Amino acid sequence: MEVKSHVKMIIFLIWILIVPFGMWYAFQSYPPHLSGRWLDAFAFLLLTCLVASMPIVINDMFIFLLQWVALAVFLEFGLFAEIVMAQIAVLVLLFRLGVLYKGQMYRLLLNSNMFFLVSFFSGMIYFWLGGQTQPKVTSNNYSFWHVALYAFLYYFINQIIFTIHLYYVFNRKESFFGKSLFVETITTLITFPIGFILFILYNQVGSSAILFVGIPFVSLSIVFKLYYSSEKINENLQKAAEIGHQMAERLRVNDVIDLFFQKFNGMMHVDFAYIFEAAEDHLKLSRGMEAGRVISVDLPAIKKNEDLCGLVWASQKAYLFKSRKEWEKYSKGYMPDGAESVLCVPIMRNNKVIGVLLLASKRKRAYEKYQLMIADILCSYFAVAMENAKHYELAKMQSERCALTKLYNYRFFENILTNEFEKLCQQERKVLSLIILDIDHFKNVNDTYGHQSGNEILCELANRISNITGDGGTVARYGGEEFVILLPDVSKTDAVKMAELIRQSIANWPFTVTQSFDQEKLQIKITASIGVATAPEDAEDYLALIRHADRALYVGAKRAGRNRVAMYSK
């Protein structure tokens, strides 16, 4: 979740005001007990870094079981030593998670503040209540309960500070008794007894206690992480199947692509996403998204073995890069600024690459190997869904459009006219104008120049009418050489002006046709007669509107000499 700039500045100011002074105060008031034991302290530091480098991510929460080491360090070496090792652990953790990149450095200061406050307040209260460094917990019940109280304070203060940061920094209004409390409680119950045992064993056998306790615990952490990873893989596989079904239900290409990108954003950390469509000898950008917004980038065609996508296209293999250093030697084309981790997957259909998906994140090591498999599965679902959507759109276009001119056909136009007339009756429209156009003496054109030339004229005429009408109306081919234009909320006067503009564009500019036998270009001049009617002034239903516009065409324009505009009059 994005954090606002002023919040980042506040985090920085809090760190400046609290952490350096607090560490100085802890050093002066509770100096570390390190005399002659620097190697032991270094061994504890290595154990701290090892545990911090093995985090477990559960429900977007970073879990690293450091409390037990922190407890042993605090009891044996004092508050200052525990604060220093906790701060180093934060650095190791964030570096391991790959979040220390441009624009996210505030996370280091944020976590540094949180860990410092937890360590400082729990330690200060412990000493204020009479607790001591290197307590005799095995022979003094009073010291034992002090340590138990410290463990509870560490747990409780950590939960309070964590909840406050969620609310004020990330604007997440979660209950204090939510998932984070449950996870923190479980990890506390598991880890603090181990830290207590480590402290006791260290006092008995020395630094070898780190191996006796540390190795089994780290091994257990690895097993737990592997188990969670397998659970995560199974969960993502189930989600992938659900997403596949959802994409299959989408009937439009854009809807399939939108859902595809949306679901990837929900399953992985994606800052940039691109789909390249494969043509015969190159890849072209079909859709790109950056920071959740569709972008328009004019990219040159990508050949096989060129750039990352060309490499994926040629090899038909998916690639995972954890940082810019790994992929920049392959990248020759466009790549957004700040991209680090990259996932590039071929989109296959019938053992043929039909496209390439490229996902990128600003984080280093943002993607894991199992996510490569998930992306590959989703791309397979995506390829099927895209093929189905394209077939649907083609069938829909063929049922709605004239195959020659690509304008709407008469059947679909009638549906639009009916709907617009209902809006007029419900007073959602003020007026509804209709223009009907018929080419003059078009039979002579076909007889003289051939039907192919006539078809070329019809197509060019359709383009001229569409360009003049724009988004202000609906254009359809009504019959052989007849066209209709529906103009919602356009008065009869304005409709007549548009009709006259269309008539002049036909009469004043010849049409170019190609003779099939010698490929000679010919200029043919034609004219058109046009009729205009408007509801509710001229008609009470849509059939009357068509009839009256048609009457204006044949009586007012054709009979009056053609090549003119006529409007219906009662």
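This is a predicted model: local features need pLDDT of at least 70, side-chain atom pairs count only at pLDDT 80 or more; totals for chains, interfaces and linings use all residues.
Reader: Which helix gives the largest share of the nonpolar patch?
Author: The nonpolar surface patch has an area of about 930 Å² and is made by Trp128, Leu129, Leu149, Phe152, Phe156, Ile160, Ile164, Tyr167 and Tyr168. Tyrosine 167, one of these residues, is partly exposed, with a relative accessible area of 39%, and is found in helix α6. The largest share, seven residues, comes from the helix that spans residues 141-168, namely α6.

Reader: Which residues of α9 are buried?
Author: Helix α9 covers residues 253-267, and from its first C-alpha to its last its 15 residues reach 21 Å, close to the 21 Å expected at 1.5 Å a residue. A residue is called buried when its relative accessible area is under 20%. In α9 the residues that are buried are Val253, Val256, Ile257, Leu259, Phe260, Phe261, Phe264 and Met267.

Reader: How many residues apart in sequence are the parts that arginine 349 and glutamate 387 tie together?
Author: Side chains of opposite charge can pair when their charged atoms come close. The side chains of arginine 349 and glutamate 387 meet in a salt bridge, at 2.7 Å from N to O. Arginine 349 lies in strand β7, residues 341-349, and glutamate 387 in helix α12, so the parts tied together by this pair are apart in sequence by 38 residues.

Reader: Are arginine 349 and glutamate 387 buried or partly exposed?
Author: The partly exposed class holds residues between the buried limit of under 20% and the exposed limit of over 50% relative accessible area. Arginine 349 has a relative accessible area of 29%, and glutamate 387 has one of 26%. Arginine 349 is therefore partly exposed, and glutamate 387 is likewise partly exposed.

Reader: What is the N to O distance in the salt bridge of lysine 558 and aspartate 438?
Author: Lysine 558 counts as buried at 11% relative accessibility, and aspartate 438 is buried with a relative accessible area of 6%. The side chains of lysine 558 and aspartate 438 meet in a salt bridge, for which the N to O distance is 2.6 Å.

Reader: Which strand holds aspartate 438, and how many residues apart in sequence are the parts that the pair ties together?
Author: The partners in this salt bridge are lysine 558 and aspartate 438. Lysine 558 lies in helix α17, residues 542-558, whereas aspartate 438 lies in residues 432-439, which form strand β9, so the pair ties together parts whose separation in sequence is 120 residues.

Reader: Where do aspartate 538 and lysine 492 lie?
Author: Aspartate 538 forms a salt bridge with lysine 492, and their closest N and O atoms are 2.7 Å apart. Aspartate 538 counts as buried at 5% relative accessibility, and lysine 492 is buried with a relative accessible area of 10%. The pair ties together parts that are 46 residues apart in sequence, because aspartate 538 lies in the loop between β14 (528-535) and α17, and lysine 492 in helix α16, residues 492-507.

Reader: Which residue is joined to proline 536 by a cis peptide bond?
Author: Proline 536 lies in the loop between β14 and α17. The cis peptide bond has an omega of about 5°, and the residue joined to proline 536 is alanine 535.

Reader: What is the phi of glutamine 134?
Author: Glutamine 134 is found in the loop between α5 (106-128) and α6, and at 31% relative accessibility glutamine 134 counts as partly exposed. Although glutamine 134 is not a glycine, its phi is positive, at about 55°.

Reader: Is asparagine 350 buried or exposed?
Author: Asparagine 350 is found in the loop between β7 and β8 (352-361), and its phi is near 55°, a positive value in a residue other than glycine. Because its relative accessibility is 64%, asparagine 350 counts as exposed.

How values were computed
Residues are numbered from 1 along each chain as its sequence is written. Side-chain values use heavy atoms; hydrogens and water are left out. Helices (H or I, at least four residues) and strands (E, at least two) are DSSP runs, numbered from the N terminus. The expected span of a helix is 1.5 Å times one less than its number of residues. Buried means under 20% relative accessible area, exposed over 50%, partly exposed in between (1.4 Å probe, protein chains only). Patches are made of residues with over 30% relative accessible area and no salt bridge: like charges are joined within 9 Å, nonpolar side chains (Val, Leu, Ile, Met, Phe, Trp, Tyr) within 5 Å. Accessible areas come from the Shrake-Rupley method with a 1.4 Å probe; for residues, only the protein chains shown count as cover. A salt bridge is a side-chain nitrogen of Lys or Arg within 4 Å of a carboxyl oxygen of Asp or Glu.
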